[in-house]
Amino acid sequence: MTDYPAHDCDFCPGTVEAFYTHHEPLKVSGTLVLIEGFTIGKCNRCGHRYFPAEVLKRAEQVAQDTAKASHSETVPIVAA
Ligand SMILES: [Zn+2]
């Protein structure tokens with residue numbers, strides 16, 4: 001997982017470019033996880049994030065079994 005091929009955004013005329021994640025929040029199966037150290041795609045215009053299938057698969061595994069997480073931290077939710 002070292003590169004993400006640039007492509008057109010599905011939602012706007014922008015371009016989706018490789019984006020290295022540090023603590024990128026992602027909700028999978030109703031659980032919020034943070035994606036760290038993967039390269040995903042991010043639109044340079046609308047900011048829509050594209051998670052490669054491998055990243056989503058790993059995220060779902062961790063969401064279903066948090067013991068598989070590399071490490072954990074509490075994620076405070078800010079809601080209106
Ligand atoms: Zn876009």
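A: Of the 80 residues in the protein chain, 10% count as buried, where buried means that 20 or more other C-beta atoms lie within 10 Å of the residue's own, exposed means 12 or fewer, and partly exposed is in between, with C-beta atoms placed from the backbone. Please keep in mind that this is a predicted model, in which local features need pLDDT of at least 70 and side-chain atom pairs count only at pLDDT 80 or more, while totals for chains, interfaces and linings use all residues. Residues are numbered from 1 along each chain as its sequence is written.

Now for the overall layout. The C-alpha trace of the protein chain spans about 40 × 35 × 20 Å along its principal axes. The chain holds 1 helix and 6 strands; these are DSSP runs numbered from the N terminus, with helices being H or I of at least four residues and strands being E of at least two. Read from the N terminus on, the elements run β-β-β-β-β-β-α.

Strand 1 is joined to strand 2 by a hairpin through 6 residues, and strand 1 pairs with strand 2 (residues 15–20) in the antiparallel sense over 2 bridges. Within this pair, Asp-8 has Thr-15 in strand 2 as its bridge partner. Next, strand 2 pairs with strand 5 over 5 bridges, again in the antiparallel sense. Here Glu-17 stands opposite Lys-42 in strand 5. Finally, strand 5 (residues 39–43) and strand 6 run antiparallel and are joined by 2 bridges, with Tyr-50 in strand 6 being the bridge partner of Gly-41.

Val-28 is partly exposed because 19 other C-beta atoms lie within 10 Å. Leaving out residues up to four places away in sequence, Val-28 touches Val-33, Leu-56, Ala-59, Glu-60 and Ala-63; a contact needs C-beta atoms, placed from the backbone, within 7 Å. Val-28 and Ala-63 are 35 residues apart in sequence, yet their C-alpha atoms are 6.6 Å apart in space. Across the protein chain, 51% of the contacts with a separation of 6 or more are between residues 24 or more positions apart.

Note on methods
Pairing = 2+ DSSP bridges. Contact = placed C-beta atoms within 7 Å.
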